[in-house]
Amino acid sequence: MGNDPSYTNQKFKVIGSRVQRPDGVDKVTGRARYGADYNAPGQLVGLFLRSPHAHARILKISTSRAEKLSGVKAIITSADLPDLTNGDNAARDILENCMARGRALYDGHAVAAVAAVDEQTAKKALKLIKVTYEVLPHVTDVDEAMKPEAPVIHEDMYTAGIEPRPTKPSNLYNVAEFGHGDVEAGFAEADLIVEKSYKTEQTHQGYIEPHACVASVNPDGTGELWVTTQGHFTYRSVCASLLGMDIAKLKVTSSEIGGGFGGKTHVWIEPITLALSRKANRPVKAVMSREEVFRASGPTSSTSIDIKIGAKKDGTVTAAFAALRYQGGAFRGAIPGMPWAMIGAMTSFACYNLANVKSVGYDVVVNRPKVAAYRAPSAPMIAFAVESTMDMVAKELGMDPVDFRIRNAAREGTRACYGPVYGPIGIGATLEAVKNHPHMRARLKKNQGRGMACGFWFNFGGQTCTDLNIATDGSVTLTVGTIDVGGSRASLSLIAAEELGIPYEQVKAHIADTGSLGHNDTTEGSRGTFSSGMAAIFAARQAIGVLRERAAIMWNIPVEDVAWEAGSAKAIGSKHRKLKPLSLAEIAAASPTTGGPIAGHNESVPDNAGVSFASHICDVEVDPETGGTRVIRYTVVQDAGKAIHPTYVEGQMQGGAAQGIGWALNEEYIYGEDGRLQNPGFLDYRIPVCSDLPFIDTQILEIPNPNHPYGVRGVGETSIVPPLAAIGNAISNAVGVRMNHVPMSPPRILKALEQLDAT
Amino acid sequence: MSAVLVSTTINDDAVQFACPPEESLLSVLRNRLGLIGAKEGCSTGDCGACSVTLDGRLVCSCLVLGVEAQGREIATIEGMAVDGKLHPLQENFIDHAALQCGICTPGFLMAARVLLERNPDPTESEIRYALAGNLCRCTGYDKIVHAVQASAKEMRKLDKKKSPRKKA
Amino acid sequence: MRYEAPATTREAAALLESEPGGAFVLAGGTDLLVRMKLGHIEPGLVVDIKRIPAMKAISHSASGSRIGAAVSGAELGEHKGIAKAWPGVVEATNLIGSDQIQSRCTMVGNLCNASPAADSVPAMIAAGAKVVVVSPRRRRTVPIEKIVTGPGKTSLAKGEVIEAVILPARAARSADAYLRFTPRTEMDIAVVSVGVNLTLERGRVKSARVVLGAVAPTAILVPAAARAIVGTRLDDEALDKLAAACSAACNPIDDKRGTIEYRTKVAGVLARRAAKIAFKRAGGA
Amino acid sequence: MPLVKVSYMSSLRSALGGAESLEIEATTLRQLMSKLLAKYPRLQKHLDEGIALAVNGEIYRDNWDVEIREGTEVYLMPRIQGG
């Protein structure tokens, strides 16, 4: 008991049951309130003017005509936003990304913002703002940006991570290397070496709800922000520091979130909307259009990757090498020390037990929007390259691809490619489950093929602060500060109910605003249920301590003689035999006279959310005359540690797989020669529709995380990692072409088929 | 830009509103009438989050002008539960976890309701195509299709109970 | 912006003619409202034609069919007689967008939006359809292929409005088919499309019209493709010639939706498939 | 006091004296880090950019009060985030 996070293998009463989510009724009746569903009295409409150029010097912004337009209440340009970042490069990048400072760095970069009495007036005002640009040469492709003749985007960018420090600036901002052993010696040992290069195009999280907020700043320096976000505490501290406000004086209330997948872990329009409100002295509501979401929020990196894998005839991989080139948009990584290629490099060969491995990540800037996290950020692209190459090696060895992976799978004691030595992990178990899955034995028809692939993600914990309050009727309020993106309020209520020994229905979970709890880290890194769940356990245990004390008062016996069992206080010892157990409700009812409200609280940093592995099986059918590909069957096998709410765990697995399928087949940012995004809408940025997908079968494995009382691991992200390669491998098995460019769209597949015919 | 006065029926209630002629029905519902259940995901008819019915047909309210509602009948998600009782589709969406973030849910429910009114026993493929105008990014559609299948089954049973003679 | 919902076609034409600013017809609005939202157009006047009875009517008889310009895709799809006589035209119209779009979109709107990738247009041209064009002073009947002159451009003069589509009488042993390629199964724009309409005589193709979409600035009628199959039973040789003729007729562009190479190749593939479907529907074996 | 083997990503090597790994006595991660910083002040810059510590494969980003047992390997890696 107490605050020991160790796994205890306890028997559960309510954990693992498939209860209804507390936000369900609101969401099916249209009552749930999202970012755009809130209005403040007297609010203005905020709109943004965005650069039509991929790269341009801003010579002049003339706002005088717009200012004179009746109904315009405030106009903001970078001149209104002093740089308060104090040498913090990451913060300065955020500031500059929110509003261009002297240069527009990508198509869609905000250059000015307007607050007006209504949308029509605000639109008119945008047209009256005159921006004089000097168009500069641009580069949008990651490989092109690395060439010596490429236009250098930042004159002060000198590659970090290599010695000696370069003497000239370039678009390569970081090099990071991971691995161990001697790869050259490993390749020399190999009977067979396969080398292949890959490209993946840029994708977007594609949440259906655009970014939206209502900001209200008062002349006394206090302010409020209603916003759709994965992390309202983080939004609070970032916005406050950029605008020179006291953190505690800005209250951020999170709306229901209409999807984020990483894209709502970073600020975009929010600091500027606050600035507009401050200048206008009125509340301002800003909602991004879909076009703005695509052009000016945070998509993934597009990448270019080289893989080299050597193996012995017996199937042992002797060496593995990866070079990863990822573009991060026009800025360095989203947070300090976190360049995207570096993360990709860390995950590259994490599924395997390798004596000799090396991965080098090259992080590059281009004239595209600032890259943000997207579900297991950076991992799907490198997994596509590695897992495709693994299949090629298996094929050349004449080995079954599953057996080949099982032979080389990482296990407890394996040194991971990113450095540490693994504890108990689940990659081997997912592979065995795949091998034994009926899906693997289902018959395939002509032009159909089956592929499988593995995936890895870290998962994180982080700062957490949680309250549990017991009302006088015995109902329980669980107040958490981690945004519920996928049903965590239900999972957390289950956890509180389990600890207290009461029915799930007796607990109601809420997401608090930033004024009501201490800092909670953002819901990212699959941490929501893991970390707030841990804090809920400890808060409930603290409340149980109080309940026992109150029972002791009611009975007038020492607290040591009171135990908590199955939702009731029990007096232990023969001398208390006559005392009937007191239920939680009975103790709560008496609380006003036994010491006041009963509560539990926990603040902690539950780290180590347990690394997570998945293996996916996919069947596709390819039309060899058009290159059109359909996924006809799909199975996800993933280690969840312990599934608190199995249905919602399945939901995470299915959702991630579907996003991966879209990434694999059709989703991509398409930039024209002019450096402008050509498909900023859901018509031409093709996320899967219902008729594109089959049912997605799931198999949850439960290999307990030793560092969570219930064994929970993060589950939200890993499922997006394997699909790209699983589909690529399936296409290869269906029609014999090895696709090395994602998305594997019909024109690319048809071209590959023609080249195959030609040879 | 003078506003036009429009008389219409929304969820069986007579409603009047005034709006400029270029304003979309979606904006009228959300910003003038407080019916926020229809969501704006794209404003170009590509996501279906703003789905409502207009004279019984499923439409994207972002692609209808408010003034077109004159004399028509509109149904929105707010009218789906009757007398405090959830529609079987609403029940099943919760039971089957057919929603995660829930932003697409009102649109899916409207589309699924129209589907089942026209076709009480749809195949999986018919369900998938009927819902293809509604984007969901959280679920991979798996549990949505299951929820619609379960609702169809339940509603057929209810229908039989209501009119037992139909069977013969 | 003004909004008008007149009761007759002539009134609509008069309103469109007298508006000094940009005047637009509102049928289903599925293209018009998108263009307004994205700021591509700022109409001074929008004329809603859905309250004009002649525009909402469908009539169908042995001598032909008349489909009002405001008839939605869904309404057309529900008309059993037309769906039986012109399955290709109806399929093509029903491929425009989702069920939500189908509730609103119209063939004439699809035509007048003048996109090279419009689904209903190749099928209508293949069918030999005409449109009734009404201006305040006159009324004329124009073949579909004369309406669109280029991407986003039509031959309609100011004050002209299309009232209806006329499909000819259906000959015996004839049928049509329409196929398009899209990366997604739904909610997508044709990368390439083909409409085929043919009539059989003693098991052989007597006459045919083959039309390609999304491979040129407008949908194109390909007489050489028709010639490739006339007189044949759609044997492989004829189909190869058909495919070759279609590919040869392509004059596409590289864009976000497809490449020149891809469109050219797949035009032939789809033509073969569409021809086979139409042939089978017409009773060919 | 337990003797801990400390290894790290290659980009930290020069800041930590150039060897592939080192050994240090410490009972908690916090103590270990403060000893490392005292000996290798250049580590501070990397710490500012974000370092996470893996203890026997388990990753700790913030909770550095974790106790270390004899024979434990601590690995210094980048502090990263998810989506």
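How many residues of strand E14 (residues 317-327) of chain A are buried? The answer is in the first of these close-ups of a predicted model, in which local features need pLDDT of at least 70, side-chain atom pairs count only at pLDDT 80 or more, and totals for chains, interfaces and linings use all residues. As for bookkeeping, residues are numbered from 1 along each chain as its sequence is written, chains are lettered from A and ligands numbered from 1 in the order in which they are written, and side-chain values use heavy atoms, with hydrogens and water left out.

**View 1. Strand E14 of chain A is mostly covered.** Here 10 of its 11 residues are buried (under 20% relative accessible area, with exposed over 50% and partly exposed in between; 1.4 Å probe, protein chains only). Strands (E, at least two residues) and helices (H or I, at least four) are DSSP runs, numbered from the N terminus. E14(A) pairs with strand E13 (residues 303-311) of chain A in the antiparallel sense over nine bridges; pairing takes at least two DSSP bridges between the strands. Look for A:Asp306, which sits opposite A:Ala323 of E14(A). The hairpin of E13(A) and E14(A) has five residues between the strands, and there A:Gly315 takes a positive phi near 100°.

**View 2. E14(A) and strand E15 (residues 357-364) of chain A run parallel.** Eight bridges join this pair.

**View 3. Three strands of chain A make an open sheet.** The order is E20-E21-E22, with antiparallel pairing. Strand E20 (562-565) and strand E22 (582-583) are the edges, each pairing on one side only. Strand E21 (residues 568-571) and E22(A) share two bridges, and A:Ala569 has A:Leu582 in E22(A) as its bridge partner.

**View 4. Chains A and B share the most contacts of the four pairs of chains in contact.** Contact here means heavy atoms within 4.5 Å. On that basis, 53 residues of chain A touch 45 residues of chain B. The two chains bury about 4,000 Å² between them, 59% of it on carbon and sulfur atoms (accessible area, 1.4 Å probe, that two parts lose on being put together, summed over both). In chain A, the residues losing the most area to chain B are A:Val28, A:Cys690 and A:Phe695, together 19% of what that side buries.

**View 5. Salt bridges and polar contacts cross the interface of chains A and B.** There are four salt bridges (a side-chain nitrogen of Lys or Arg within 4 Å of a carboxyl oxygen of Asp or Glu). A:Glu650 forms a salt bridge with B:Lys143, the closest N and O atoms being 2.7 Å apart. Helix H1 (24-29) and helix H17 (646-665) of chain A each supply at least two residues of the side touching chain B, and H17(A) gives the largest share, nine residues.

**View 6. B:Thr105 is buried at 1% relative accessibility.** B:Thr105 belongs to helix H3 (residues 105-118) of chain B. Leaving aside neighbours within four places in sequence, B:Thr105 contacts A:Lys27, A:Val28, B:Phe93 and B:Leu99.

Conventions:
Polar contact = N/O pair within 3.5 Å; in protein donor to acceptor, adjacent residues only side chain to side chain.
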